[in-house]
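Take a look at the sequence and the 3D structure below.

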Amino acid sequence: GAIAQIPEILLKCVSRDEAALAVAQKAFKSLYENASSSLHFSAHLAILAAIRDVCKLVVKELTSWVIYSDEERKFNTPIILGLIDKELLNLAEYNMHMAKLIDGGRNKAATEFSISLLHTLVVQESRSSVLELPNLIDALAKLASRPGSPESLQRLIDIARNPTASATVLSGFAAGKEEKAKQSREKGSEHPTVCREDNINAESVGVDPAGFRDQVSALFAEWYQISELHGTNDTACTRFISQLQQSGYLSGDDISDHFFRLLMELSVTHCVSAEGISSRPLSLPSPQTSRNLSFLAIDMYSKLVVLILKYYVVEHGPTALLLLSQLLSVAVKVIVRDAEEKAAAFNSRPYFRLFINWIFDLLAPDSILDGAHLQVLVAFANAFHSLQPLRVPAFSFAWLELVSHRNLMPKLLTSNPPKGWPHIQRLLMDMFRFMEPYLRNAELGEPIHFLYKGILRVLLVLLHDFPEFLCHYHFSFCDVIPSSCIQMRNVILSAFPRNMRLPDPSTPNLKIDLLPEINQSPRIFSEVDAALKVKQMKSDVDEYLKTRHQGPFMSELKQKLYLAQTEATQAGTLYNVPLMNSLVLYVGMQTIQQLQTKTLPPLAQQMTHNGSLEYMMGTAKDIFQMLIVDLDTEGRYLFLNAIANQLRYPNNHTHFFSFVLLYLFVEANQEIIQEQITRVLLERLIVNRPHPWGLLATFIELIKNPKYSFWSRSFIRCAPEIEKLFDSVSRSCGGPRPLDESIL
């Protein structure tokens, strides 16, 4: 389609960035000109997202355009939400700007907008984005703590700081808003005016026009008769769709939303209810029981949607597939509302069947849609992101099966790679964030245990078929997987490129520094320094690494790694784990980069000479030594885990951090430090395979090289079962422990 060609056109430009920013500026201005049209709105967001794929400066510029625009544009909730959803705003910068703009509540417009935005993100949109707005939440929290502040604001802050809040709490927060809307309807207002602060999602309380439901039901009954008599290839189907278009049902406005929502509700009601919709004009056979579901109406609806999309593609070209985004948006709203209203009685099977039908029909080889498969895949990925388990927990099992479906996940990973990879990464992050509190607290009830096994199987498939994907995104995954979830993390860290053959780390006299891959840097698609930027620490780290200036950086570093008390309670740890991971890897990457730019022997050879230990570590040594000594037991464990997360396949990161870990072991002046280093390595080795190559190589070096005097440490012999465990692991890693130790 036209939008899909934008990146290719820009890449051919001599001044790519200038051309991209010029087009982006026009699209941004046009975004506000006809924002009431959902097709216009979606198209221009898609254009901006396409430009971002080839020009990373667009996000920075878009953020500036929003920040320095007038209030009418700056406080346009739907557009700001759209930009956030498409990841077109630098949330770290936007977060700080909005926190200042509130001005302690004195800027009323900014305050009202911020509350509205936070409410939408928390209750109706993606709660994961809220985690990137800490300053804004803190600013609103100060307002909520003032005497006379509304209780609803304090509840909103509490929910925003606890992304895993239950749907019951969220429903309670929205109850006051819904009551206002209900009172407005009872006063006889046929078309109530809904303030954006009172209710962002007008669809959830909107009233269908009089008689509209009966009209839609009659049209659905007519469609059933046509599809039964004529199949899907007859001109009667085209005539029926043309009739819908002429009647205004497919115009892309609110009427279209109401039309598709009612069709979906009628289909689902028939599927799950004994009476279903047979009492209405649609004459379909009703299922006998709610357990023995009849998917007839669901199949009829999904077939109608597919034919409408194909009809629109023929009439209007591939850009008409923006209608698919609108249809999926309607489906998301219906599912979310159904799950909230029915709670434990929610049945996900009709919705699962509907999505499965669409995935099969829209992604099958087809001459009409063949050139637009990536657009269809991305549309489904965005819809599933909106339905993530944190938002609709009751849909989790169906969600995982849909996300990992053979027609979706593999195609997103193979269609023009790595363009589709960020969508799968985001979906996996959605699942990890949902599972994190259960895994962290070891609350594996039967449903969560089944879900965990399902996730593990998906990761094993990715490890086997798409290992590069896990390699490139390992950092962001390790940020959200709890440190206690060792096997799942091992699966991710065990991935290595398919064109690489791993040497056996237990091979006698293996010269790791001579491996051809050991001087190459791994590709990391995650933003390693994101957490440092959020905490405004990146410039301080850069300055210290360059100058080694003993300013306040080192003395304040430990304190900056702590979480605020409320955040620590929710996270289950005193420390900011993503910040710790970001600091460790960023310092390591910068050190490696500095050393590679100097006219010295290859990096791997530098690390093999004992005389260059002090020089090799450079300023990184100061930071790592300070952390290993000054942190308490919990902080030191998290710090060592951050290092161990980089012990992967042969590359210069693996070699550097293996060197760092062994250096910290041999230089430690407290045996508790050596014991913790051993624990971090050992606990990753005693779980079921797979085990990361770098982890094995590091542990084998530790237990075999007499320089580290490993077997003389007292913690090895603290208990007979511990000593047996070490013996067992030692044998599995390449032979028994030495017998000529003085302790024997």
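## Alanine 343

Alanine 343 sits in the loop between α16 and α17 (349–362). The model is predicted. In this model, alanine 343 has a positive phi of about 50°, although it is not a glycine. Most residues other than glycine have a negative phi.

Is alanine 343 buried, exposed or partly exposed? Its relative accessibility is 47%, so alanine 343 counts as partly exposed. The cut-offs explain this: buried means under 20%, and exposed means over 50%.

## Two helices side by side

Helix α16 covers residues 322–342. Helix α15, residues 296–316, packs with α16 at an angle of about 155°. Their axes are 9 Å apart. Because angles over 145 degrees count as roughly antiparallel, α15 is roughly antiparallel to α16.

Which residues make the contact? Helix α15 brings Tyr301, Val305, Ile308, Leu309 and Tyr312. Helix α16 brings Leu323, Leu324 and Leu327. By class, the contact has eight nonpolar residues, no polar residues and no charged residues.

## Histidine 405

Where is histidine 405 found? It is in the loop between α19 (396–403) and α20 (409–414). Histidine 405 has a relative accessible area of 9%, so it is buried.

The side chain of histidine 405 reaches the backbone nitrogen of asparagine 407 at 3.0 Å. Now leave aside the neighbours within four places in sequence. Histidine 405 is then in contact with Ile356, Ile359, Phe360 and Pro410.

Most peptide bonds are trans. The bond that joins arginine 689 and proline 690 is cis, with omega about 10°. Proline 690 is in the loop between α35 (671–685) and α36 (693–704).

Serine 709 lies in the loop between α36 and α37 (720–732). Serine 709 has a positive phi of about 45° and is not a glycine. Its relative accessible area is 34%, so serine 709 is partly exposed.

## The whole protein

How many helices and strands are there? The protein has 37 helices and zero strands. It has 744 residues, and buried residues make up 54% of them.

The protein exposes about 33,000 Å². Carbon and sulfur atoms supply 51% of that area. Now consider contacts between residues at least 6 apart in sequence. Of these, 71% join residues at least 24 apart.

Technical notes: Residues numbered from 1 in each chain as written. Predicted model: local features only at pLDDT ≥ 70, side-chain atom pairs only at ≥ 80, totals over all residues. Heavy atoms only, no water. Axes fitted to C-alpha atoms, helices over the stretch in contact; angles between N-to-C directions. Helix = DSSP H or I, 4+ residues; strand = E, 2+ residues; numbered from the N terminus. Parallel < 35°, antiparallel > 145°, perpendicular 65-115°, else oblique. Contact = heavy atoms within 4.5 Å. Nonpolar A, V, L, I, M, F, W, Y, C, P; charged D, E, K, R; others polar. Buried < 20%, exposed > 50% of the residue type's maximum accessible area, 1.4 Å probe, protein only. Polar contact = N/O pair within 3.5 Å; in protein donor to acceptor, adjacent residues only side chain to side chain. Areas by Shrake-Rupley, 256 points an atom, 1.4 Å probe, with all protein chains shown as cover.
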